Amino acid sequence: MDPVEILRAAIDAEGSASAVARRLGVSAAYVLDVRNGNRPASPRLLNALGLERRIVRVGGRT
């Protein structure tokens, strides 16, 4: 799942980035930065969204 899409949906559902930020325990500026692609989602934000970052090797040597 894409954290950006989850944030967009949450902002739409809750009415503002500030409301989402309060619920997730982060700043509204950070929520908007992630939503706009200006900053990556931190492990803390991913955890708050119920996600985790996984690195998957695609192709290349093993």
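Biologist: In this predicted model, why is glutamate 14 called partly exposed?

Modeller: Its relative accessibility is 32%. Buried requires under 20% and exposed over 50%, so 32% falls in between and glutamate 14 counts as partly exposed.

Biologist: What makes the pairing of glutamate 14 and arginine 23 a salt bridge?

Modeller: The N to O distance between the two side chains is 2.7 Å. The cut-off is within 4 Å, for a nitrogen of Lys or Arg and a carboxyl oxygen of Asp or Glu, so the pair qualifies.

Biologist: How many salt bridges does the structure hold?

Modeller: Three. One of the others joins glutamate 5 to arginine 8, with the closest N and O atoms 2.9 Å apart. Another joins glutamate 52 to arginine 54, at 2.6 Å.

Biologist: Where do glutamate 5 and arginine 8 lie?

Modeller: Both are in helix α1, residues 3-14, and three residues separate their positions, about one turn of the helix. Residues three or four places apart point the same way because an α-helix has 3.6 residues a turn.

Biologist: Why is arginine 8 called partly exposed?

Modeller: Its relative accessibility is 36%, and the class runs between 20% and 50%, so arginine 8 belongs there. Glutamate 5, at 43%, is also partly exposed. Glutamate 52 and arginine 54, by contrast, are both exposed.

Biologist: Which residues of helix α2 are buried?

Modeller: Ala17, Ala19, Val20, Ala21 and Leu24. Their cover includes α1, α3 and α4. Just after α2, glycine 25 has a positive phi of about 80°.

Note on methods: Residues are numbered from 1 along each chain as its sequence is written. This is a predicted model: local features need pLDDT of at least 70, side-chain atom pairs count only at pLDDT 80 or more; totals for chains, interfaces and linings use all residues. Side-chain values use heavy atoms; hydrogens and water are left out. Helices (H or I, at least four residues) and strands (E, at least two) are DSSP runs, numbered from the N terminus. Buried means under 20% relative accessible area, exposed over 50%, partly exposed in between (1.4 Å probe, protein chains only). Contact means heavy atoms within 4.5 Å.
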